[in-house]
Structures are given as C-alpha cells and as structure tokens.
Amino acid sequence: MRVPLIAGNWKMNGRREDIRALVAGIRERFNAGARVELLVLPSFPYLDFVASTLEGSGIDLGGQDLSERDDGAFTGDVSAGMLLDCGCRYVLAGHSERRTLHGEDDQTVAAKFETALRAGLKPVLCVGELLEERDQGRTEEVVRRQLGAVVDRVGIAALADAVVAYEPVWAIGTGRTASPEQAQSVHAFIRSQLADESATIAGQVRILYGGSVKPDNAVDLFACDDIDGGLIGGASLQVDSFMAIAEAACP
Ligand code: PEP
C-alpha cells in the first residue's frame, strides 16, 4: 500500500525565525507513528538550518529545484550533490512556477529529473495544465506529454522511487481547487499512463495533488483512490493548516 506523503512547498517565503517556529510547531504536532510521511521544502539558503532543526524527527527535507548539470561553473545554480550534502532526500522537478517563470520546458524538466535520480535523490515530478488548456479539453494531452518526456528519458523502472504531483496551474495559489472528481480523474489517467509501461510501477508511484489544498478540502481529496497525499503551498506556511492537512491524510 502507498503511504501518503504530505509535502510543504514553502517557496520563497520566511526568514530564519519564522522557519524556526514553523519547524518547531510541525515537530511538536507530528506523530511519527502515523501512517503519513511529511516532507518540507524550504528555499536553498535555509536547507542546512532546517536539516539541523529536523534531526531525529522523521520528517524529510527536499529542495524546490535543482540544476540539470553536475557541479561546475554555473553561477546561481544548485546541484543535486549539494542538496544531498545538505540532507535532502527529495527534490521538485518542473514545478509550474519554474516552467512558466523560468521557461523550463519538458526536456529540461526531464533532464533535472534524471540528474536527481542519478544523484540518489527522489524527484517529485510536477505536471499540470493551464486553465486555457483545461477549457480546450487538453488536460490529458498536456499531462501525457509532460510525464511522457520523463518516462522516455529515464525509462519506467526509474520511476519506482519517484513521486508525481498533479498540480493544475489554475488551482495553484488561486484559492480555486480542483474538485475531488476532477483531480481523481487526472490521477487515474496518470496511473494508467504509467501502467501502460508497467503495472507494478504504476501501483507503487505516489501521485500527489497540489493546488489550493486547505484543511477543509483535504479530506475529500485524499479519500480518492489515486490521490496519495498533497503538495501544499500557502497552507504549509502555518503549523495549524499544514498539520490539519497531514492529519486528513491518515484519518
Ligand atoms: C504549489 O505551489 O505547489 C501549491 C500547490 O501552492 P498552493 O497550495 O498555494 O496552491
């Protein structure tokens, strides 16, 4: 059975003292025996600090992005090896803000995914359609293309340890959530695309939903068969809302 994963994407928010309080609150409320895994994704300058404050908690650490290249003369970039060195186990690849604001295309995202895997990180591949693509009935086409670019590059077996996050772009940070039916339908589509290559891997891969998840919609979303947790933005910045969402994943 897939253990739910709740990941907090803190994006470019917080300073040391806010983060210290956030981690302390999460640690205090986290029941390490509960059937849910927690992951936090701070911005790069705070990774080391968060790693030390998480020690012994059983809560995982991840990066929000990585370079597709190995170490070298790439000013401003952060390598997979550096993330590992700072205590990360996970890293996001292809978050919609990277795709839209930084022009990352499917090939770049696939290269980042491969680099993460090669280094021993677990990549969380973010996929999802724009509002106009949904309105044009192209959601499955877009998600198939984004996921296909990665499967073609690394092969299905390499996804055994990876995570996919379905994040409709129109639901990110907008307060507009996909309904459980809309989300489940895309999650089932993603799993069936994986199953075309390997039913075993498809059954193993965790598929998270992301896009304005809040404590009051989390229970219904997480009750869906193919939703294995959430990638949480805004609501992960407050202990109460993040932990209420985590609790909704293991009722
Ligand atoms: C995200 O950025 O991945 C996200 C889902 O944000 P929010 O929860 O704020 O919509």
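**View 1. Fourteen residues line the ligand site: 14 residues surround the ligand.** The closest of these are Lys11, Glu167, Gly173, Ser212 and Gly234. The model shown here and in the views below is predicted.

**View 2. Side chains of Lys11 and Glu167 reach the ligand.** An N or O atom in the Lys11 side chain sits 2.5 Å from a ligand oxygen. For Glu167, a side-chain N or O atom is 2.6 Å from an oxygen atom of the ligand. Both residues are listed among the closest to the ligand.

**View 3. Lys11 and Ser212 have positive phi values.** Most residues other than glycine have a negative phi. Lys11 is not a glycine, yet its phi is positive, at about 50°. Lys11 belongs to the loop between β1 (5-9) and α1. Ser212 has a phi near 55°, again positive in a residue other than glycine. The loop that holds Ser212 runs between β7 and α10 (215-222).

**View 4. Eight strands close into a parallel barrel.** The strand order is β1-β2-β3-β4-β5-β6-β7-β8. On average, neighbouring strands of this sheet are turned by 25° against each other, direction ignored. Helix α5 (residues 106-119) packs on the sheet. The strands touched by α5 are β4 (90-93) and β5 (122-127). The directions of α5 and β5 make an angle of about 160°.

View 5. Val164 has Ile207 in β7 as its bridge partner.

**View 6. Helices α1 and α11 pack against each other.** Helix α1 spans residues 16-29, and helix α11 spans residues 239-248. Their axes are 9 Å apart, at an angle of about 35°. The crossing is right-handed. On the α1 side, the contact is made by Ala21, Leu22, Gly25, Ile26 and Arg29. These meet Val239, Asp240, Phe242, Met243, Ala244 and Glu247 in α11. The residues of this contact divide into seven nonpolar, one polar and three charged.

Note on methods
Residues numbered from 1 in each chain as written. Predicted model: local features only at pLDDT ≥ 70, side-chain atom pairs only at ≥ 80, totals over all residues. Heavy atoms only, no water. Pairing = 2+ DSSP bridges. Helix = DSSP H or I, 4+ residues; strand = E, 2+ residues; numbered from the N terminus. Axes fitted to C-alpha atoms, helices over the stretch in contact; angles between N-to-C directions. Contact = heavy atoms within 4.5 Å. Left-handed = near helix turned anticlockwise from the far one by under 90°. Nonpolar A, V, L, I, M, F, W, Y, C, P; charged D, E, K, R; others polar. Near = heavy atom within 4 Å. Polar contact = N/O pair within 3.5 Å; in protein donor to acceptor, adjacent residues only side chain to side chain.
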